[in-house]
Amino acid sequence: YNGVGRLQGRDTIVVKADDGTEQTLKASNIVIATGARPSPIPGMEPDGKKVLTYLDAILQESLPQSAVVIGAGALGLEFATVWNSYGSEITLVEMMPHLAPTEDEEVSIELEKEFKKAGITGLAGHRVLGIDHTDQGVAVRVQSGDEVKTIEAEQALIAIGFKPNSSDIGLEEAGVTLKKGGFVEIDRRMATNVTGIWSIGDVTGELMLAHVASTQGMIVAENIAGE
């Protein structure tokens, strides 16, 4: 069924197609797997050309000669590593005191050493003030303490995190409990608080990695099957 799905109660989904027609589906079990989208920085919205989301970065067919990666979590570190290995000049900007801020500090410190050896500039403890478009690309203004500086590059990648795709799909009306930030709350069986409604993947915010979502899918399938 191609269309936009919306819960209407515990066991009902209405699917609205592009042509406006609607179909009602019923099921004893429903799995919410709507994923997540990149978190924007207010006033620095991506345009898909000079200021990118991860999806823009994956789909573009040319390599940036230089890029400022804003956010040094898993996503930012991955793109910095890949682009650097292809010869791009990379600057990583992270607001927290270290790169990979959610990892153990010892890990972050060693990672910073290796990135420096690879030629990646890491600016931890820097806040992004704004992104200006230039003829050559972008000028990213950052601040650390009282010092403000501008980094020029061909592109800027926004990699500060994700927001769940949980709004306006009927979760609240169905009584599904959401956690802080709008992520779907689940137990270890991938079950929500509503019997028959389950959830997997990035929309749960448990650990936003593809192999985690795949394993969650296996777990929910086994539980629905009664294994």
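Q: In what order do the strands of the five-stranded open sheet come?
A: This is a predicted model. In it, the order is β6-β13-β7-β8-β9, and the pairing is parallel.

Q: Which strands stand at the edges?
A: β6 (51-52) and β9 (121-124) do. Each has a single partner strand, so one side of each is left without a neighbour in the sheet.

Q: How many bridges join β8 and β9?
A: Four, with the two strands paired in the parallel sense.

Q: And what stands opposite Thr 91?
A: Thr 121, which is in β9.

Q: Which helix lies across β6, β7, β8 and β13?
A: That is α2, and its angle to β8 is about 165°.

Q: OK, the inside next. How many residues are in the largest nonpolar core?
A: It has 18 residues. Those with the most contacts inside it are Val 69, Trp 83, Ile 90, Leu 92, Phe 115 and Leu 157.

Q: Which elements give two or more residues to this core?
A: Three elements are on that list: β7 (66-70), α2 (74-85) and β8 (89-94). The largest share, five residues, comes from α2.

Q: What about the second core, how many residues does that have?
A: The second core is separate and has 17 residues, including Ala 174, Met 190, Ile 197 and Ile 200.

Q: New topic: charges. How many salt bridges does a search of the whole structure find?
A: Eight. One of them joins Asp 11 and Lys 26, whose closest N and O atoms are 3.6 Å apart.

Q: Where do Asp 11 and Lys 26 lie?
A: Asp 11 is in the loop between β1 (4-7) and β2 (12-16), while Lys 26 is in strand β3 (residues 22-26). The pair therefore ties together parts that are 15 residues apart in sequence.

Q: Is Lys 26 buried or exposed?
A: Lys 26 is exposed, at 61% relative accessible area. Asp 11 is partly exposed, at 28%.

Q: Which residue does Arg 141 form a salt bridge with?
A: Asp 132, with the closest N and O atoms 3.0 Å apart. Arg 141 counts as partly exposed at 29% relative accessibility, and Asp 132 is partly exposed at 33%.

Q: And Arg 189, what is its partner?
A: Arg 189 pairs with Asp 187, and their closest N and O atoms are 3.3 Å apart. Arg 189 is partly exposed, with a relative accessible area of 41%. For Asp 187, also partly exposed, the value is 32%.

Q: Which residues are linked in a network of salt bridges?
A: Arg 6, Asp 168 and Glu 173.

Q: Last thing, α3. How many residues does it have?
A: Helix α3 has 14 residues, 105-118. From its first C-alpha to its last it reaches 20 Å, close to the 20 Å expected at 1.5 Å a residue.

Q: What follows α3?
A: Gly 119 does, and its phi is positive, near 90°.

Notes. Residues numbered from 1 in each chain as written. Predicted model: local features only at pLDDT ≥ 70, side-chain atom pairs only at ≥ 80, totals over all residues. Heavy atoms only, no water. Expected span 1.5 Å × (residues − 1). Salt bridge = Lys/Arg side-chain N within 4 Å of Asp/Glu carboxyl O. Buried < 20%, exposed > 50% of the residue type's maximum accessible area, 1.4 Å probe, protein only. Core = buried A, V, L, I, M, F, W, Y, C linked by side-chain atoms within 4.5 Å. Pairing = 2+ DSSP bridges. Contact = heavy atoms within 4.5 Å. Axes fitted to C-alpha atoms, helices over the stretch in contact; angles between N-to-C directions.
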